[in-house]
Amino acid sequence: MLRDSVTVGTRVDAPLDVVWRLLTVGRDAWWPEMRFDAVVGSPLVETWTEGGVEATATGRVTRCDAPRLLTFVWAEPTWDGPLEVVIRLTADGTSTVVDLTEKGFVRARTPRSLPDEHEQGWGYHLARWKRASEGRDVDGR
């Protein structure tokens, strides 16, 4: 059966406003390949190198309820449509819970392996975001 969604999450030992700031304006510290403004309609672009070739995903921000919710759609040129990413932040004492869901893989007719690849990729990015929010080295050194 084809997987249509990916859900990942983490608990960050930092206040909600710090985690939100690092998602929206401090992203260069942990995800410099991703560009967008936290404003509905803002274009979104991620570029990376895969097998020596530059690749790009593009989209737009569809919802921004600071400091708790950011939603965007994005796609690569070979997909039949966009995937939707929903990032929710919830304050929990002095920590912040981050929940991220990406869906639409079936409708977009992405490769069967993409949900697993994106789950790993989101895990990587969430770990770097967590470390940056906690004031630690993003590479875990």
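Trp 129 is buried in this predicted model, at 2% relative accessibility, where buried denotes under 20% relative accessible area, exposed over 50% and partly exposed the range in between, for a 1.4 Å probe and protein chains only. Leaving aside neighbours within four places in sequence, Trp 129 is in contact (heavy atoms within 4.5 Å) with Val 19, Leu 22, Leu 23, Trp 30, Ile 87, Leu 89 and Val 98. The model is predicted, and local features need pLDDT of at least 70, side-chain atom pairs count only at pLDDT 80 or more, and totals for chains, interfaces and linings use all residues. Residues are numbered from 1 along each chain as its sequence is written, and side-chain values use heavy atoms, with hydrogens and water left out.

Aromatic pairs are defined here by ring centres within 6.5 Å for Phe, Tyr and Trp (the six-membered ring of the latter), with planes under 30 degrees apart counted as stacked, over 60 as edge-to-face and the rest as tilted. By this rule the count comes to six aromatic pairs. One of them, formed by Trp 30 and Trp 129, is stacked, with 5.2 Å centre to centre and 5° between the planes. Because Trp 30 lies in the loop between H1 and E2 while Trp 129 belongs to helix H2, this pair ties together parts that are 99 residues apart in sequence; helices (H or I, at least four residues) and strands (E, at least two) are DSSP runs, numbered from the N terminus. Trp 30 is likewise buried, its relative accessible area being 3%. A tilted pair is formed by Trp 74 and Trp 122, at 5.8 Å centre to centre and with 40° between the planes. Since Trp 74 lies in strand E5 and Trp 122 in helix H2, the pair ties together parts that are 48 residues apart in sequence. Trp 74 counts as buried at 4% relative accessibility, and Trp 122 is buried at 4% as well. One aromatic cluster is formed by Trp 30, Trp 31, Phe 36, Phe 72, Trp 74, Trp 122 and Trp 129. Over the face of Phe 36 lies Arg 27, at 3.7 Å from the ring centre, the criterion being NZ of Lys or CZ of Arg within 6 Å of the ring centre and within 35 degrees of the ring normal.

Seven strands form an open sheet in the order E1-E7-E6-E5-E4-E3-E2, with antiparallel pairing, where two strands pair if DSSP finds at least two bridges between them. The edge strands, E1 and E2, each pair on one side only. E3 and E4 are joined in the antiparallel sense over eight bridges and form a hairpin with two residues between them, Gly 51 in the turn having a positive phi of about 60°. Seven bridges join E4 to E5, and two join E2 to E3.

Ser 42, in the loop between strand E2 (34-35) and strand E3 (43-50), is buried, with a relative accessible area of 8%. A polar atom of the Ser 42 side chain lies 3.0 Å from the backbone nitrogen of Asp 37.

How values were computed:
A polar contact is a pair of N or O atoms within 3.5 Å; within protein, one must be able to donate a hydrogen and the other to accept it, and residues adjacent in sequence count only if both atoms are side-chain atoms.
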